[in-house]
Amino acid sequence: MTKMASPVPAAAERGPAAGSPARARVAVAGATGYAGQELVRLLARHPGVTLTDAMSSGASSAPRPLPALKRIWDGAVIPLDVDRLARTADVVMLALPEAAAAEVGTPLVDRGVRVIDLSGAFRIRSDADRERWYPATRTLPAGVVYALPERHADAIRTARLASCPGCYPTAALLALEPLAAAGLLTGSIVIDAKSGISGAGKTPSDRTHFCENHGSVAAYGIFSHRHTAEIEQELAGPVTFVPHLVPLDRGILETIYVSVRPGVTEAHVGGALQEAYASAPFVRLTGTDLPEIKHVAYTNFCDIGWRVDPERGRLVLVVVLDNLLKGAAGQGVQNLNIMLGIDERTGLL
Ligand SMILES: NC(=O)c1ccc[n+]([C@@H]2O[C@H](COP(=O)([O-])OP(=O)(O)OC[C@H]3O[C@@H](n4cnc5c(N)ncnc54)[C@H](OP(=O)(O)O)[C@@H]3O)[C@@H](O)[C@H]2O)c1
């Protein structure tokens, strides 16, 4: 029987493009955090990369291992050292709180290092909005790109700083942008989002403490979550965004309620999404079979399903992703692959 060609090349076939350096030197800052550990896990096995350093905050002066990654990465996390990053890495991936990213990102870019930032520090283009939501970032360095890989790959290829979208905006924008561009949407957009607790990072608070979350679901940040500003920037219009914390360790599910023009059907919605994502390896369209968090946990996939009530002109989209992978580290590595000019699936499938 003839063996079918796989649509996904084997890892060994997905190395750096001809003519590019054998392996890019990539470092991680924030490697002891939830997103940073996922970066280390992905980069340690990435065939196009040498992981040069993994750094923590510097709060502890002693190098320390990452026990969960033993035998995947047996290095030691060292305290943050920006000079060392600038000397030894071609690309630095930042998984830091946004104020720390704002402080570190621009000096690295100024010293010729390419930066991929997972924080919100460089996402907002309007000075006034950035001052409100991310006041530590006074100006944006030249060469910043809002880096949703499925939408902005051309700009990411030459970006000096790829500012990765937030976890909630990634899900919302992947579902809504193609539909808005196709002119299918009318009226208000309501994004009802649920996130696992790792979305808040490793330091527990009153809200994220196990005893507060276990057995409960809570809304938060209504009209005051900074991801609203990011979604509205990219959609160029207002949205109502209501996030909830749910007692899961990881994963996001967004139920998005939209009005559509009369006569718009599920086939129209599917057509616009299929056209947008025909060659996108990490967006899976599930149609009227609605996706679940378990389908995407521990992967870089974003799954999108939808239902339309044509009589009432109502569309409901259901979008899921893993906040630490497609919402953070996985998307960062996807952007790294695009920057390096290699297959964007490298190290991710
Ligand atoms: N969690 C998510 O689902 C998610 C999704 C998308 C984007 N993000 C963004 O990604 C970034 C990291 O998120 P996270 O959830 O991984 O955070 P986290 O678990 O709290 O980890 C933060 C990391 O940054 C280091 N750090 C803390 N303060 C620092 C400082 N002042 N200077 C330098 N390093 C410092 C910590 O080192 P120590 O261990 O030494 O404290 C740790 O390695 C954040 O900007 C977040 O908004 C997170």
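Modeller: The domain bounds used below come from an automatic or database domain assignment. Residues are numbered from 1 along each chain as its sequence is written. The model is predicted: local features need pLDDT of at least 70, side-chain atom pairs count only at pLDDT 80 or more, and totals for chains, interfaces and linings use all residues.

Biologist: How many Å apart are the C-alpha centres of domain 1 and domain 2?

Modeller: The protein chain is divided into domain 1 (22–164 + 328–340) and domain 2 (168–321). The distance between their C-alpha centres is 25 Å.

Biologist: Which element gives the most to the side of domain 1 that touches domain 2?

Modeller: The contact (C-beta atoms, placed from the backbone, within 7 Å) takes 14 residues from domain 1 and 16 residues from domain 2. On the domain 1 side, two or more residues each come from α4 (127–133), α5 (149–157) and α10 (329–340); helices are DSSP runs of H or I, at least four residues, strands are E runs of at least two, and both are numbered from the N terminus. With three residues, the element that gives the most is α10.

Biologist: Which strands stand at the edges of the sheet, each with a single partner strand?

Modeller: The order in this open sheet of seven strands is β3-β2-β1-β4-β5-β7-β6, with parallel pairing; strands pair if DSSP finds at least two bridges between them. Strand β2 (residues 49–56) is joined to β3 by two bridges, and Met55 has Ile78 in β3 as its bridge partner. One side of each edge strand is left without a neighbour in the sheet because each has a single partner; these strands are β3 (78–79) and β6 (144–146).

Biologist: What angle does the direction of helix α6 make with that of β11?

Modeller: Another open sheet of seven strands has mixed pairing and the order β9-β10-β8-β11-β14-β13-β12. Its edge strands, β9 and β12 (283–287), each pair on one side only. Eight bridges join the antiparallel strands β11 (residues 252–260) and β14 (residues 314–321), with Glu254 opposite Val319. Helix α6 (residues 167–181) packs on this sheet, touching β11 and β14 among others, and its direction relative to that of β11 (lines fitted to C-alpha atoms, for helices over the stretch in contact, with angles from 0 to 180 degrees between N-to-C directions) is about 30°.

Biologist: Which element gives the most to the shell around the ligand?

Modeller: The ligand is surrounded by 29 residues, each with its C-beta atom, placed from the backbone, within 6 Å of it. The closest are Thr32, Gly33, Ser57, Ser119 and Gly201, and each of domain 1 and domain 2 supplies at least three residues of the shell. Two or more residues come from each of α1 (34–44) and α3 (98–110). The element that gives the most, with three residues, is α1.

Biologist: Is Arg71 buried or exposed?

Modeller: Arg71 lies in the loop between β2 and β3 and has a positive phi of about 75° although it is not a glycine. Most residues other than glycine have a negative phi. A residue is buried with 20 or more other C-beta atoms (placed from the backbone) within 10 Å of its own, exposed with 12 or fewer, and partly exposed in between. Arg71 has 6 within 10 Å, so it is exposed.

Biologist: What is the phi of Phe223?

Modeller: Phe223 is in the loop between β9 (218–219) and α8 (226–235). Phe223 counts as exposed because it has 8 C-beta neighbours inside 10 Å. Although not a glycine, Phe223 has a positive phi of about 65°.

Technical notes: Two residues are in contact if their C-beta atoms, placed from the backbone, lie within 7 Å.
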